[in-house]
Amino acid sequence: QVDAVRVYVNSSSENLRYPVLFVVRQQKGVLSWQVPLIFRGLYQRTYNYQEVSRTLCPSEPTPETGPSDQTIFVDVASMAPFNIAYELLVTRLKNFQLETNKAFNFIASPSQPQYFLYKFPQDVDSVIIKVVSDVVYPCSVVSVQDIVCPVYDLDHNVEFNGVYQSMTKQAAITVQRKDFPGEQFFIVFVIKPEDYACGGSVPSSIHGNVNRTWNLQRTKNLQVTIVPSINKSVYVQAMFFSFLSFLSFYLGSVVVAFVHYIRVRRKASAGRLSPEDGSGIMTSSHPITASTPEGSSYGAIDESSSSGGRQLSSPERGLPAGSDTDSSVEEESDFDTMPEIESDKNVIRTKVFLYLSDLSRKDRRIVSKKYKIYFWNIITIAVFYALPVIQLVITYQTVVNVTGNQDICYYNFLCAHPLGVLSAFNNILSNVGHMLLGFLFLLIVLRRDVLHRRAMEMKDVYTLDYGIPKHFGLFYAMGIALMMEGVLSACYHVCPNYSNFQFDTSFMYMIAGLCMLKLYQTRHPDINASAYSAYASFAVVICLAVLGVVFGKNDTWFWVIFSIIHVLASLALSTQIYYMGRFKIDGPDSDLGIFRRVAMVLYTDCIQQCSRPMYMDRMVLLIVGNLVNWSFAIFGLVYRPRDFASYLLGIFICNLLLYLAFYIIMKLRSSEKLLPIPLFCIVATAVVWAAALYFFFQTLSSWEETPAESREKNRPCILLGFFDDHDVWHFLSAAALFFSFLVLLTLDDDLDAVRRDKIPVF
């Protein structure tokens, strides 16, 4: 048992020119202070205390000498030319050494700090120090220091040694045996003279010109409990759980692919292939003949669509792959194709009833290369984005480990399990799902791409003029974005704070944007946005997110500007969607002519169209979409939410869900079907997203507040004793995004045997 001595002094003197000096000399150290004891705060404010209590550095008996008496000298001096009364009291501490799993209550103040000793039990390698208080203020600091004298236990020096946190009502520090060769440490509790470090304000009693305060009552009741942390076996179990959970998705995908392969082989051997296999790939096992009725096999078309049993759209006949053909007409040489009319976008896209053949007229190879730019660009962006991010978070973690300042990073300290140099390995490990499922999605897309290319090499008619055009560039980009979301989210959770929040959300914006682009591209393959303009738009969004976090808390002007930009962008995008990118304001060269043209467009295309719109379905979607976006803009302007990044992400997600719901409704309205696989993915997406959002809103920390205030939200682990609510959000959101991607990938598999001039555009 280690003994410790505490010295209490009190002086009635308020003379700051002649303080009373106390010097305590021990065998291995010297401790000194003055009374009145002065603490300095903001703006040259001083806080003076006439009562001071300090714990002397303890002496521990050694096995060689055993217990022995020690002599302590206390020197009292003052340069005052007059007598000063003081009081000196030396007491022995009864509960200086803390015990495992046993709560201990005590009181501390700025001039009367406390510290205690803890020794690791033989079978414990890591412990969590939990400190709680019933009151928020006064602000306090909890520090863990090695057994070195003197102990730094005052406000101005507590940060000089060891690991420390600021605290209001709750604090938690994980300590590992390997970090303390002596297998013991001090736990120091310091009360700060002011509360600004914990989010509080300067005490009202010193507002004004008075910068000196005497004996401000700032005592705090604290309770400390030291509990064993998890052992190495829990780390192994958590890793196995993380990887096996998502590798099961690989197994499920293999099973689905194998079952589909068996079904196709059986139907091929029976001479019939159903166009509703859900693979999204049409293959022909025999020549296409006029005698095979439509829909009975993958490679058959109706007699009404053929002439003399000849094959259609064969590259050997000189037609470019992806050209718009119609077999009901006579031979190509018998009519004038009028290319100037066929290429006029204004004539085609302003038809009242559009079909997919109207918007898939460009050469398939050119369009496919255009969409592959999405894939290569996002790889370039990912490399240039991720490398500085990794370097920065490594620097952050190094600073935390070297300085011991745990206020730099906003962890859930009640469930932060270190590994190596990482302070919260569990928050990083839980992001493995994004990377594994993103890679799996890439493999699924690659399989479809390979099968599609094989079908093209077999000159399958269905790959040319039937079904949704197969362009996989956006799907590849979505898979890379999902993997990068995992990488950057893991980087963010190395040290989550105000300075690197955008690492966690940047690719979420891109994922939402790419999903919307893919959904639009499905039935508008010729008029979708280019990769350059899309990624430039994402860059603008990320810039707005940064500006929103910096200026969005208190600056009304930012919310006014953002709301105006939001509304105008919604209107501009709605106009482009409604007119299929053919809306132009062109007129005479004079300025008056331009204004006259604007007035004419507003009257004919807005006033008249609203009463009897030419494109009713698009008008309904855009009206609902604009109402939703305007509601977001008004909500932001009125309430000014503090978490601007989540607010902006909510705008993207709501628009994506709205568009997806519209797409599915219009699909069913057009008498199209949902095959079993996309139907399962839709249900799974809804269920998993609902569960994921529940855990997302369980706030465990917040870098929008001070570190001490953020720690009030900390909660214990809920899964395997290793993962917290936010880790479960990582697991579920990865699965939800994966199922969402599968919905977009398989949603229109039922159309693979339908001619494009029969597929409506909406």
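Figure 1. Helices α11 (556-578) and α13 (616-639) each contribute at least two residues to the patch, and α13 gives the largest share, with 8 residues. Helices (H or I, at least four residues) and strands (E, at least two) are DSSP runs, numbered from the N terminus. I564 belongs to helix α11 and is partly exposed, with a relative accessible area of 48%. Buried means under 20% relative accessible area, exposed over 50%, and partly exposed in between (1.4 Å probe, protein chains only). An α-helix has 3.6 residues a turn, so residues three or four places apart point the same way. This is a predicted model in which local features need pLDDT of at least 70 and side-chain atom pairs count only at pLDDT 80 or more, while totals for chains, interfaces and linings use all residues. Residues are numbered from 1 along each chain as its sequence is written, and side-chain values use heavy atoms, with hydrogens and water left out.

**Figure 2. The chain as a whole.** The secondary structure comprises 17 helices and 17 strands. Of the 762 residues, 51% count as buried. The chain exposes about 36300 Å², of which carbon and sulfur atoms supply 61%; accessible areas come from the Shrake-Rupley method with a 1.4 Å probe, and for residues only the protein chains shown count as cover. Among contacts (heavy atoms within 4.5 Å) with a separation of 6 or more, 79% are between residues 24 or more positions apart.

Figure 3. A nonpolar core is a set of buried Ala, Val, Leu, Ile, Met, Phe, Trp, Tyr and Cys residues joined through side-chain atoms within 4.5 Å. The largest one has 108 residues, and Y374 and L514 have the most contacts inside it. Apart from its neighbours within four places in sequence, Y374 touches G473, L474, A477, L514, L517, A529, S530, A531, A534 and Y535. A second, separate core of 23 residues includes V124, F185, F189 and I226. Helix α8 (residues 473-494) is mostly covered, since 20 of its 22 residues are buried. The expected span of a helix is 1.5 Å times one less than its number of residues. For α8 this gives 32 Å, and its end C-alpha atoms are 32 Å apart, which agrees.

Figure 4. The structure holds 18 salt bridges, each defined as a side-chain nitrogen of Lys or Arg within 4 Å of a carboxyl oxygen of Asp or Glu. K667 is buried, at 0% relative accessibility. The side chains of K667 and E672 form a salt bridge (3.0 Å, N to O), and both residues are buried. K667 also pairs with D748 (2.8 Å, N to O). This pair links distant parts of the chain, as K667 is in helix α14 (residues 644-669) and D748 is in the segment after α17 (725-746), 81 residues apart. D748 is buried, with a relative accessible area of 9%. D750 forms a salt bridge with K667 too, the closest N and O atoms being 2.8 Å apart. Salt bridges that share partners join R523, K667, E672, D748 and D750 into one network.

**Figure 5. A buried loop residue, N405.** N405 lies in the loop between α4 (364-403) and α5 (425-429) and is buried, with a relative accessible area of 18%. N405 and Q165 are 240 residues apart in sequence, yet 6.7 Å apart in space, C-alpha to C-alpha. Leaving aside neighbours within four places in sequence, N405 is in contact with Y164 and V400.

**Figure 6. Backbone features in loops.** Most residues other than glycine have a negative phi, and most peptide bonds are trans. A cis peptide bond joins V35 and P36, with omega about 5 degrees; P36 lies in the loop between β3 (30-35) and β4 (37-40). Another cis peptide bond joins C149 and P150, with omega about 0 degrees. N101 has a positive phi, near 60 degrees, and counts as exposed at 54% relative accessibility.
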